[in-house]
Amino acid sequence: MRILTTALTCALMAAGTSAHAGDGKKNMQHKAGMKSAHAKVGMLMISEAWAIPKAMAQKNSVAFLKIRNMGKTADRLVSISGKVAAKFEIHTMKKQNGHMMMMKVKGGLPIQAGSTASLDPSGNHIMIMGLKKDLMKGTYLALKLTFAKAGTVMVMVKVGAPKSGKPMNHGKHKHH
Ligand SMILES: [Cu+2]
């Protein structure tokens, strides 16, 4: 129920701002002070953005989010950038020789029309590589997502697992 409520709130907020946007292609992001872990760009709705807390010394972390495509055409998440780390990659997990391996998604992550691409601890994720600061629980980090068609949008990613999130140890997976 929590997910539905969040989506609904987000839809209402987006609807509220669209009247003032003028340019339909402009990103309708929330003011930085609002610290909302969701955003909208074009027909894409980003929600439930969160990252695993890590100390800078641990070098890497992982972020998750959901992208809902309310449009009639498919899009792709092609790149991610941000100030907290040197590099960001879209990864997927595959079982190889009995081990879970992470691999870079080449050519971007597809987001089919009318569906939701879910990045969660069981599969696809945003790999945050080369941390430049600690990711402390309860803080937010800004990520810029670039889509092939919808363009770019900033999303505030909450550090710390959401209540519904299962605990996991991502660090134990073999990298590439
Ligand atoms: Cu990864």
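Predicted model: local features only at pLDDT ≥ 70, side-chain atom pairs only at ≥ 80, totals over all residues.
Biologist: Which residue in β10 is the bridge partner of I80?
Modeller: Residues are numbered from 1 along each chain as its sequence is written. β4 and β10 run antiparallel and are joined by four bridges; two strands pair if DSSP finds at least two bridges between them. Within β10, I80 is bridged to L145.

Biologist: How many strands does the protein chain have?
Modeller: Helices (H or I, at least four residues) and strands (E, at least two) are DSSP runs, numbered from the N terminus. Reading from the N terminus, the order is α-β-β-β-β-β-β-β-β-β-β-β-β. Besides one helix, the number of strands is twelve.

Biologist: Which element of the protein chain has the lowest mean pLDDT?
Modeller: The protein chain averages a pLDDT of 80, and 72% of the residues score at least 70. Over residues 1-34, however, pLDDT stays under 50. β9 has the highest mean among the elements, 98, whereas the lowest, 35, belongs to helix α1 (residues 2-21).

Biologist: In β7, which residue is the bridge partner of R76?
Modeller: β4 runs antiparallel to strand β7 (residues 109-111), and three bridges join the two. On the β7 side, R76 is bridged to P110.

Biologist: How many bridges join β5 to β9?
Modeller: β9 (residues 125-131) also pairs with β3 (residues 60-69), in the antiparallel sense over four bridges, where S61 is bridged to I128. β5 and β9 run antiparallel, and the number of bridges is six.

Biologist: In the hairpin of β5 and β6, which residue takes a positive phi?
Modeller: β5 (residues 85-96) and β6 (residues 99-104) pair in the antiparallel sense over six bridges, with K95 bridged to M100. Two residues lie between the strands of this hairpin. The positive phi, near 50°, is found in a residue other than glycine: N97.

Biologist: Is N97 buried or exposed?
Modeller: A residue is buried if 20 or more other C-beta atoms, placed from the backbone, lie within 10 Å of its own, exposed if 12 or fewer, and partly exposed in between. N97 lies in the loop between β5 and β6. Because it has 6 C-beta neighbours inside 10 Å, N97 counts as exposed.

Biologist: Is E48 buried or exposed?
Modeller: E48 lies in strand β2. It is not a glycine, yet it has a positive phi of about 50°. Because 23 other C-beta atoms are within 10 Å, E48 is buried.

Biologist: Which residues does A51 touch, not counting residues up to four places away in sequence?
Modeller: Two residues are in contact if their C-beta atoms, placed from the backbone, lie within 7 Å. A51 is one of the residues with the most contacts inside the largest nonpolar core. Leaving out those up to four places away, its contacts are S61, V62, A63, I128, L135, L141, V157 and V159.

Biologist: How far apart in space are A142 and M154, C-alpha to C-alpha?
Modeller: A142 has its place in strand β10 and is partly exposed, with 14 other C-beta atoms within 10 Å. Beyond four places in sequence, A142 touches G82, M154 and M156. A142 and M154 are twelve residues apart in sequence, and their C-alpha separation is 6.5 Å.

Biologist: What separates the C-alpha atoms of M100 and G123?
Modeller: M100 is found in strand β6 and counts as partly exposed, with 13 C-beta neighbours inside 10 Å. M100 and G123 are 23 residues apart along the chain, and the separation of their C-alpha atoms is 9.9 Å.

Biologist: What share of the 176 residues in the protein chain is buried?
Modeller: Of the contacts with a separation of 6 or more, 69% are between residues 24 or more positions apart. In the protein chain of 176 residues, the buried share is 28%.

Note on methods: Core = buried A, V, L, I, M, F, W, Y, C linked by C-beta atoms within 7 Å. pLDDT = per-residue confidence, 0-100.
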